[in-house]
Amino acid sequence: MAFATRRFASSAVTAAAKKLIVKHVTVIGGGLMGAGIAQVAAATGHTVVLVDQTDEILKNSRKGIEDSLKRMTKKMFADKPEAAAQFIEKTLKNLTVSTDPVAVVHSTDLVVEAIVENLQVKNDLFKRLDKFAPENTIFASNTSSLQITDIANSTTRQDRFGGLHFFNPVPMMKLVEVIKTPMTSQKTFESLMEFTKALGKNPISCKDTPGFVVNRLLVPYLMEAVRLYERGDASKEDIDVAMKLGAGYPMGPFELLDYVGLDTSKYIIDGWHLLEPNNPLFAPSPLLNKLVEERKMGKKTGEGFYKYK
């Protein structure tokens, strides 16, 4: 019995040794997604460095994180203002900022990239960081539309590269898609799954397929709503009402398109159309193209399918 116990303990230690316990995180990109990822990582006790190109961007990112924490703690510590203040202070102590990614990756366990959805820009970034990050450092991309394999191939650590697709707003949304490419090692995959759970999120695993799970289902649905409207089968208002009252969705497809950004949706569908030009689900929309050309991107520009004050 003692022998069996020793064997069990030994195998448990070996299994634990195979996984990298992520403590230090570098997040590249101080936009909504990057700042959100940095916030949840810092709030769960990780040491975080948030990186972007300018001090001004990082100043705004940090202020956005602080404002988000204040909103969250009002609910978390409704009757305990002192506890709320301590939580905010502790979280912000875990967070530093930098404009030099090369200088900060030398001691990080995990790099999470959340920059512009442009393959060449991402490849250039990871190719550069690959030269300076420690051998055991895991790289991950938050891309929602590009193939993880295409990004990983810019590095020499394809086995230590995976996808971590968070959802907006990151502090509120529980789901994270963990993407395993054919080259991602089991150790890397398990480390990413454990890191996601440590953030208080619910991870699901997915192969490196266009759109992963959520967007692969969501984007064709949104595009079909646009085609329904283009054909004159129903008004955009009625389509939105139909999906909210008939399917129980919190937002209609046109409301969601405006929220996400029409340029983002166009970018995704155009990329998929290039990959599978004969797939009718990925066919471009003339109306969507026209709105984006007119710079009507949705809520962020004041007008998309709807107008906003």
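Which residues touch the most other members of the largest nonpolar core? The views below belong to a predicted model, in which local features need pLDDT of at least 70 and side-chain atom pairs count only at pLDDT 80 or more, while totals for chains, interfaces and linings use all residues. Residues are numbered from 1 along each chain as its sequence is written, and side-chain values use heavy atoms, without hydrogens and water.

**View 1. The largest nonpolar core.** Ile-65, Leu-110 and Leu-164 touch the most other members among the 33 residues of this core, a set of buried (under 20% relative accessible area, 1.4 Å probe, protein chains only) Ala, Val, Leu, Ile, Met, Phe, Trp, Tyr and Cys residues joined through side-chain atoms within 4.5 Å. Leaving out residues up to four places away in sequence, Ile-65 touches (heavy atoms within 4.5 Å) Ala-35, Ala-38, Gln-39, Leu-50, Leu-92 and Leu-95.

**View 2. The packing of helix 9 and helix 10.** The axes are lines fitted to C-alpha atoms over the stretch in contact, and angles run from 0 to 180 degrees between N-to-C directions. Tyr-221, Ala-225, Leu-228 and Tyr-229 of helix 9 meet Lys-236, Ile-239 and Met-243 of helix 10.

**View 3. The surroundings of Glu-276.** Glu-276 lies in the loop between helix 12 (262-275) and helix 13 (286-293). Beyond its neighbours within four places in sequence, Glu-276 contacts Arg-216 and Phe-282. The C-alpha atoms of Glu-276 and Pro-210 are separated by 10.0 Å, the two residues being 66 apart along the chain.

Notes. Buried means under 20% relative accessible area, exposed over 50%, partly exposed in between (1.4 Å probe, protein chains only). Helices (H or I, at least four residues) and strands (E, at least two) are DSSP runs, numbered from the N terminus.
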